[in-house]
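Have a look at the structure first, then read on.

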Amino acid sequence: MASSTSSSLSSCGEDEVNDRVSPDWAKYRCHIERRGYRLDTVRDVKDYYRHHCSKIEKEGLHVYLSGYHRVLARSDEDALCRDIGLREGLFRATRCSDGTKVMVKAVHRDSRELDIIRYVSAPTQRRDPTNHCIPILDLIDAPQDDLCFIVMEEWSANMFPEAPVSLGCLMESLRHCIEHIAFMHRHRIAHLDISPRNFLTDYNGRYACIDYELSRRVDEVSCPRILYSRGSEIPPEAEHGQLSNPFMIDVWALGVLIFRACELAEFHVPELMRLAEPMLHENPDKRPSAASVLKEFQRIQATMRKTLHGRHIAP
């Protein structure tokens with residue numbers, strides 16, 4: 001199989017090694033457990049809902065549990081139990097040593113996603129304070145089937161904690177998002193699927209980026225254009241079927257994220273609206289770089305702190 005680092009950048013079409021995988025999780029259960037991670041069982045799911053759903057009225061339980069209500073009737077409590085709300089390539093698990101909840105993702109060993117995860121999770125990159133990739137705990141190889149299991153911390157399913165969200169929380173979340181995309185672009189990587197659902201929080205003031213399956217390394221000299229149609233936010237040039245600058249695709253999506261984050265947090269911040277406006281220019285050549293966006297955001301955040309005269313805007 002071709003190495004992900006040498007994959008063609010002429011289009012965003014998937015090839016075999018970059019397709020999503022749907023492993024037989026039972027087949028790899030023992031292999032993953034030997035590395036110290038236990039995939040969720042029926043017992044785990046029942047315990048979760050006993051803990052989180054004890055106060056829900058019986059009449060609303062069926063709707064609230066969605067697909068999980070069927071699990072409650074299963075008798076084999078040691079059987080694996082996948083969250084049907086997740087894609088087939090994802091499975092919740094527990095770190096055996098301390099009970100930490102984790103997420104396990106199956107990918108092809110030669111996929112672009114794994115190549116990029118290895119790169120951004122290397123010690124040198126992890127020391128960069130602007131690298132906000134979700135913490136990767138382990139990479140479990142299954143070479144006989146050309147698979148690798150990425151074990152990562154399981155954070156929230158939302159960009160923000162429950163409402164109300166403070167202005168400081170909004171600004172810190174956006175700082176993490178913008179810093180990470182600027183970090184990726186500095187290392188010649190385009191994320192290509194920026195959206196609020198791909199930035200999570202640990203509810204302790206940290207925000208992290210996930211989902212690199214569309215991400216691409218971009219040649220520093222030629223910066224080839226790509227055909228793009230699969231991300232969450234599609235810029236005008238891609239909608240028109242034009243070959244697109246992958247970095248400007250990210251800048252467009254980051255501009256949309258700023259608007260949506262403000263909506264989610266229920267804040268209207270004129271300075272952020274002005275920041276996002278040129279990022280959404282129909283002409284990609286007139287959009288600012290991620291580095292320029294970060295510089296302007298830092299100026300806005302510093303000005304806000306001075307203007308508030310000591311009012312606490314950090315989360």
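## A buried serine

Let's start with serine 195: with a relative accessible area of 4%, this residue is buried, because buried means under 20%. Keep in mind that the model is predicted.

Where along the chain is serine 195? It sits in the loop that runs between strand E6 (189-190) and strand E7 (199-201). Leaving aside residues up to four places away in sequence, serine 195 touches Ser232 and Leu257. Glutamate 233 is 38 residues apart from serine 195 along the chain, yet their C-alpha atoms are separated by 7.4 Å.

Next up is helix H10 (residues 290-307), which has 18 residues and reaches 25 Å from its first C-alpha to its last, close to the expected 26 Å. Its buried residues are Ala290, Val293, Leu294, Phe297, Ile300, Gln301 and Met304. These cover an arc of only 125° around the axis, which puts them on the same side of H10. An α-helix has 3.6 residues a turn, so residues three or four places apart point the same way.

The largest pocket holds about 1200 Å³ of space. Of its 36 lining residues, Arg92, Met103, Glu154, Trp155 and Ala157 are the closest to the centre. The lining divides into 18 nonpolar, 5 polar and 13 charged residues.

The second largest pocket has a volume of about 170 Å³. Its lining has 5 nonpolar, 5 polar and 9 charged residues, and E3 gives the most, with 4 residues.

How values were computed:
Residues numbered from 1 in each chain as written. Predicted model: local features only at pLDDT ≥ 70, side-chain atom pairs only at ≥ 80, totals over all residues. Heavy atoms only, no water. Helix = DSSP H or I, 4+ residues; strand = E, 2+ residues; numbered from the N terminus. Expected span 1.5 Å × (residues − 1). Buried < 20%, exposed > 50% of the residue type's maximum accessible area, 1.4 Å probe, protein only. Arc of directions from axis to C-beta. Contact = heavy atoms within 4.5 Å. 1 Å grid on protein atoms, 1.4 Å probe; cavity = no way out; pocket = protein on both sides within 12 Å on 5 of 7 lines; lining within 4 Å. Points joined across faces, edges and corners; volume = space filled by probe spheres on them. Nonpolar A, V, L, I, M, F, W, Y, C, P; charged D, E, K, R; others polar.
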